[in-house]
Amino acid sequence: MATDESDRYRAPALDKGLDIFELLAETDGALSQAEIAKSLGRTPNEIYRMLDRLVRREYIRRTPEDRYEITLKMFELVHARPPLRRLVNQAVPLLQKVAQESGQSCHLVVFDRNAAVVVAQVDAPSYWTLAVRVGTQLKLTSTGSGLVFLAFSSAENRALMLKGAGETMSPQVEALLESIRRDGYTMMPSEQIAGVTNLSAPVIGPLGSVMAVVTSPYTERLDRDSSEDRAHTLELVRAAAANLSKGRPED
């Protein structure tokens, strides 16, 4: 009897796990064990152990209502270290250009392990600078970078990001996200340091999702026209984010 080439090296347990993961990825909201079993044409007992393993490995999570939904772990794995290194290598020349032409520091932020994390930073080319250290974890709902991540994420990813970060979103913040999506950037006073305005713009990936944010913590200077200078810095930040979205290290 001839063997179907596609079935020659079958791994039933792996297929079962992938079937569950793909079903949850394609479904809005969470599903119960019975709903998953019915959708896959299996019995609840057949998928119990696989659900348990996927939960323990953090690919899916069980809600307080005893339902299942995917986590961001697969997203994190796809954006693991080698791609991140490439992103940082492409970003640094663009960040340097922003800093050189604006006289302000700037940094690149990605969402990693349930937090917005600074992965690259360039100082202002002067004897004073305000900078955020590489490795710093930023709040989602109270920083320019975090708000841009939320604004340009899907509703499902936004909910998972907030849950993972242990944050909740107020109606005021939710309304702010609409204006950020419309404008394509955020310009907001820092909630941590007086006299600082966060200028942030999204880096959009090939599939249309936000994969990073370029931010300059703009600091008021008494020797410049702050309004024109801030607007110029914002233009530079947006240009850097746009070029990085296209994968171009230089304009």
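A salt bridge is a side-chain nitrogen of Lys or Arg within 4 Å of a carboxyl oxygen of Asp or Glu. In this structure the side chains of arginine 62 and aspartate 66 meet in such a salt bridge, at 3.7 Å from N to O. The model is predicted: local features need pLDDT of at least 70, side-chain atom pairs count only at pLDDT 80 or more, and totals for chains, interfaces and linings use all residues. Residues are numbered from 1 along each chain as its sequence is written, and side-chain values use heavy atoms, with hydrogens and water left out.

**Overall make-up**

- The protein chain has nine helices and eight strands; helices (H or I, at least four residues) and strands (E, at least two) are DSSP runs, numbered from the N terminus.
- Of the 251 residues in the protein chain, 42% are buried. Buried means under 20% relative accessible area, exposed means over 50%, and partly exposed lies in between (1.4 Å probe, protein chains only).
- Among contacts in the protein chain between residues at least 6 apart in sequence, 53% join residues at least 24 apart. Contact means heavy atoms within 4.5 Å.

**Helix H1 and its two partners**

- Helix H1 (residues 12–25) packs against helix H3 (residues 44–56) at an angle of about 70°, and their axes are 10 Å apart. Axes are lines fitted to C-alpha atoms, for helices over the stretch in contact, and angles run from 0 to 180 degrees between N-to-C directions.
- H1 and H3 are therefore roughly perpendicular to each other. Angles under 35 degrees count as roughly parallel, over 145 as roughly antiparallel, 65 to 115 as roughly perpendicular and the rest as oblique.
- On the H1 side, Ala13, Lys16, Gly17 and Ile20 meet Glu46, Ile47, Met50, Leu51 and Leu54 of H3. The residues of this contact of H1 with H3 comprise six nonpolar, one polar and two charged.
- For these classes, Ala, Val, Leu, Ile, Met, Phe, Trp, Tyr, Cys and Pro count as nonpolar, Asp, Glu, Lys and Arg as charged, and the others, Gly among them, as polar.
- H1 also packs with helix H2 (residues 33–40), at an angle of about 105° and with axes 11 Å apart, which makes H1 roughly perpendicular to H2.
- Asp19, Ile20, Leu23 and Leu24 of H1 make this contact with Ile36, Ser39 and Leu40 of H2. Five nonpolar residues, one polar and one charged form the contact of H1 with H2.

- Strands of a sheet pair through backbone hydrogen bonds, either parallel or antiparallel.
- Here six strands form an open sheet in the order E5-E4-E3-E8-E7-E6, with antiparallel pairing. Strand E5 (137–138) and strand E6 (186–189) stand at the edges with a single partner strand each, so one side of each is left without a neighbour in the sheet.
- Two strands pair if DSSP finds at least two bridges between them; E6 and strand E7 (residues 196–204) pair in the antiparallel sense over four bridges. Methionine 188 stands opposite asparagine 198 in E7.
- Helix H6 (residues 144–151) lies across strand E3 (106–112), E5, E6, E7 and strand E8 (210–219), and runs at about 150° to E8.

**Two buried residues**

- Serine 142 is in the loop between E5 and H6. Its relative accessibility is 13%, so serine 142 counts as buried.
- Leaving out residues up to four places away in sequence, serine 142 touches Met188, Glu191 and Gln192.
- Isoleucine 180 belongs to helix H8 (residues 171–183) and, at 2% relative accessibility, counts as buried.
- Isoleucine 180 and alanine 151 are 29 residues apart in sequence, yet 6.3 Å apart in space, C-alpha to C-alpha.
- With residues up to four places away in sequence left out, isoleucine 180 touches Leu147, Val148, Ala151, Phe152, Tyr185 and Thr186.

**Salt bridges**

- The count comes to seven salt bridges.
- In the bridge of arginine 62 with aspartate 66, arginine 62 is partly exposed at 49% relative accessibility, and aspartate 66 is partly exposed at 45%.
- Glutamate 69 forms a salt bridge with arginine 61, with the closest N and O atoms 2.4 Å apart. Glutamate 69 counts as buried, at 17% relative accessibility.
- Aspartate 183 and arginine 182 form a salt bridge whose closest N and O atoms are 3.5 Å apart. Aspartate 183 is partly exposed at 32% relative accessibility, whereas arginine 182 is exposed, with a relative accessible area of 62%.
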